[in-house]
Amino acid sequence: MDNTLQNDLENFDEILTAAKKLSLEYLNKLDTISTSANTPVIDLPQLPVTGLGALQTQVLFEKDFLPTIIASSGSRYWGFVTGGTTPASIAGDWLTTVFDQNTQNAKGPGDVSAALEL
């Protein structure tokens, strides 16, 4: 197995904790983040072909991209209707990602995921 992926798997709890911490910090200060911005000039970093691993990728995101993120997930954003960031929708997105079902059909062999989608 790839060493970076192996390291991420061994540190999954720490990765999810860091993602949760960053998410809560962002959500808790939505009222102070602008809902629009001029198109920022970003000096995109050169990314390695093999990846950085989850924690280092989050560090890169926080340093290079987070400062340019607007508060489109907050209630003050009046742009396109792109979804919600209520606690239930955030938990639903997280759980959808974790369970990642490959829905195939509603009849025959398989699990309940097709019936849930229907």
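1. Phe99 is exposed, with a relative accessible area of 56%; exposed denotes over 50%, buried under 20%, and partly exposed the range in between, using a 1.4 Å probe and protein chains only. Phe99 is placed in helix α4, helices being DSSP runs of H or I with at least four residues, numbered from the N terminus.

2. The model is predicted, so local features require pLDDT of at least 70 and side-chain atom pairs pLDDT 80 or more, whereas totals for chains, interfaces and linings use all residues. Residues are numbered from 1 along each chain as its sequence is written, and side-chain values use heavy atoms, with hydrogens and water left out.

3. Phe99 belongs to a nonpolar surface patch of about 600 Å², together with Phe12, Leu16, Trp94, Leu95 and Val98. Patch members have over 30% relative accessible area and no salt bridge, with nonpolar side chains (Val, Leu, Ile, Met, Phe, Trp, Tyr) joined within 5 Å and like charges within 9 Å. Areas follow the Shrake-Rupley method with a 1.4 Å probe, and for residues only the protein chains shown count as cover. Helices α2 (12-28) and α4 (87-99) each supply at least two residues of the patch, and α4 gives the most, with 4 residues.

4. The largest pocket holds about 600 Å³ of space. On a 1 Å grid over the protein atoms alone, a pocket is an open set of points where a 1.4 Å probe fits, with protein on both sides within 12 Å along at least five of seven lines; lining residues have an atom within 4 Å of a point.

5. Of the 19 residues lining the largest pocket, Ala19, Ser23, Leu24, Leu27 and Ile90 lie nearest its centre. Helices α2 and α4 each contribute at least two lining residues, and the largest share, 7 residues, comes from α2. By class, the lining has 12 nonpolar, 5 polar and 2 charged residues.

6. The structure holds 2 salt bridges, each defined by a side-chain nitrogen of Lys or Arg within 4 Å of a carboxyl oxygen of Asp or Glu. In one, Lys21 pairs with Glu25, the closest N and O atoms being 2.7 Å apart. Both residues lie in helix α2, 4 residues apart, about one turn of the helix. Lys21 is exposed at 52% relative accessible area, while Glu25 is partly exposed at 38%.

7. A salt bridge also joins the side chains of Lys63 and Asp64 (2.7 Å, N to O). Here Lys63 is exposed at 58% relative accessibility, whereas Asp64 is buried at 16%.

Note on methods
Points joined across faces, edges and corners; volume = space filled by probe spheres on them. Nonpolar A, V, L, I, M, F, W, Y, C, P; charged D, E, K, R; others polar.
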